[in-house]
Amino acid sequence: MSDQTPAIDPQTHIGAISLRVANLEASLRFYQEVLGMHVHQQQNGQVWLGPQDGQAILCLQAAPGAPRPGRNATGLYHVAYLYPSRQALGNALRRLVTRRWPLQGFADHLVSEAIYLADPEGNGIELYRDRPRQEWRYANGQVVMATDPLDVDGMLAEASDPPEEHLPAGTAIGHIHLKVANIPQAEAFYRQTVGFGLMAHYGPSASFVSAGGYHHHIGMNTWSSAGGPPPAPEATGLAYYQVLLPNPTALEETLSRLSEAGVSPREFENGWLVRDPASNAVLLSSHVII
């Protein structure tokens, strides 16, 4: 339902995310004990985590002593973990309540239901589940989303008893939401250059794009970062996020579009690294990392 025919392959999605953390031990404890992630690999100051039965979706990079980004810096707004069912999300909520982890909010976005929190270093997190696509509504070529109250009691009622303690199989990174300095510049990069389709605007300060008609794979806003600088290269927070294309041909087509636009990705382990206009690092690849 985009107003632009997307150039990127419709099977493209967000693969994994890598975060620099000053206190690896505390972050690892949170992702294992509070969110229930399983360690897939740990070496050279990096820990890869995800569902025990599935792919690693999060890399924590040890960065002891690293500063946090400035308040108006660009970077990560939140990373959104997509749960396979409402019951699975209810289990996650019950686990958060049991462990008394601070929650920042709840929302019914019409296309999805979401819980908001932050990890020990302040990295924003959304835990959510999608409603079936046939229930999504559209207006003027854009998907209709809202921020309505969440039925918290109903979600908790669907949790299993006792709740599942591990991140369920099928949990993935559904989308990433970025802080950018300028919406038109960021949107032009992700639409005209990378090839995502526009799915929605949220006023003049937020935009949502996707592949294959999903409600959004990438969100971007200027709510606290309008005209802001990128964080220092050694700062904690987003190291990079992976745009996972379904095959090498789709990857080559995307790289060609970047080249034609005068953007030169650099070869990186597991793919090609490029930075958006707000200096957020995007890893383009056609295979899972771990």
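Visitor: Which residue forms a salt bridge with Arg131, with the closest N and O atoms 2.8 Å apart?
Guide: The partner is Asp108. Please keep in mind that this is a predicted model. Arg131 lies in the loop between S8 and strand S9 (138-139) and Asp108 in strand S6, so the pair ties together parts that are 23 residues apart in sequence.

Visitor: Are those two buried or exposed?
Guide: Arg131 is buried, and Asp108 is buried as well.

Visitor: What about Glu113 and Arg131, how far apart are their closest N and O atoms?
Guide: They are 3.7 Å apart, and the two residues form a salt bridge. Glu113 is in strand S7 and Arg131 in the loop between S8 and S9, so this pair links distant parts of the chain, 18 residues apart. Glu113 and Arg131 are both buried.

Visitor: Why can such side chains pair at all?
Guide: Side chains of opposite charge can pair when their charged atoms come close.

Visitor: Which residue meets Arg86 in a salt bridge?
Guide: The side chain of Arg86 meets that of Glu113, with 2.7 Å from N to O. Arg86 belongs to helix H2 and Glu113 to strand S7, so the pair ties together parts that are 27 residues apart in sequence. Arg86 is buried, as is Glu113.

Visitor: Which residues are linked in the network of salt bridges?
Guide: The network links Arg86, Asp108, Glu113, Arg129, Arg131, Asp151 and Glu158. The structure holds 9 salt bridges.

Visitor: Back to H2, then. How many residues does it have?
Guide: Helix H2 covers residues 86-98 and has 13 residues. From its first C-alpha to its last it reaches 18 Å, close to the 18 Å expected at 1.5 Å a residue. H2 is followed by Arg100, whose phi is positive, near 55°.

Visitor: What do the buried residues of H2 pack against?
Guide: They pack against helix H1 (24-34), strand S6 (105-108), strand S7 (112-118), strand S8 (124-130) and helix H3 (152-158). The buried residues of H2 include Leu89, Ala92, Leu93 and Leu96.

Visitor: Which residues is Leu127 in contact with, leaving aside its neighbours within four places in sequence?
Guide: Among them are Leu89, Ala92 and Leu96, which are buried residues of H2. Leu127 also contacts Leu35, Tyr81, Tyr83 and Glu113, among others.

Visitor: Which residues touch the most other members of the largest nonpolar core?
Guide: In that core of 60 residues, they are Ile17, Tyr31, Tyr81, Leu127, Tyr190, Ile218 and Tyr241. Apart from it lies another core of 14 residues, among them Ala107, Val143, Ala206 and Phe208.

Visitor: Changing topic: which residues form a nonpolar patch on the surface?
Guide: Tyr77, Tyr202 and Trp223 form it, with about 330 Å² of accessible area together. Tyr77 is found in strand S5 (residues 75-82). Tyr77 counts as partly exposed because its relative accessibility is 34%, which falls between the 20% and 50% limits.

Visitor: Where is the cis peptide bond?
Guide: The bond from Asp161 to Pro162 is cis, with omega near 0°. Pro162 lies in the loop between H3 and strand S11 (172-179).

Visitor: And what is phi at Asn44?
Guide: Asn44 has a positive phi of about 50°, although it is not a glycine. Asn44 sits in the loop between strand S2 (38-43) and strand S3 (46-50), and Asn44 is exposed, with a relative accessible area of 74%.

Definitions and conventions. Residues are numbered from 1 along each chain as its sequence is written. This is a predicted model: local features need pLDDT of at least 70, side-chain atom pairs count only at pLDDT 80 or more; totals for chains, interfaces and linings use all residues. Side-chain values use heavy atoms; hydrogens and water are left out. Patches are made of residues with over 30% relative accessible area and no salt bridge: like charges are joined within 9 Å, nonpolar side chains (Val, Leu, Ile, Met, Phe, Trp, Tyr) within 5 Å. Accessible areas come from the Shrake-Rupley method with a 1.4 Å probe; for residues, only the protein chains shown count as cover. A salt bridge is a side-chain nitrogen of Lys or Arg within 4 Å of a carboxyl oxygen of Asp or Glu. Helices (H or I, at least four residues) and strands (E, at least two) are DSSP runs, numbered from the N terminus. Buried means under 20% relative accessible area, exposed over 50%, partly exposed in between (1.4 Å probe, protein chains only). The expected span of a helix is 1.5 Å times one less than its number of residues. Contact means heavy atoms within 4.5 Å. A nonpolar core is a set of buried Ala, Val, Leu, Ile, Met, Phe, Trp, Tyr and Cys residues joined through side-chain atoms within 4.5 Å.
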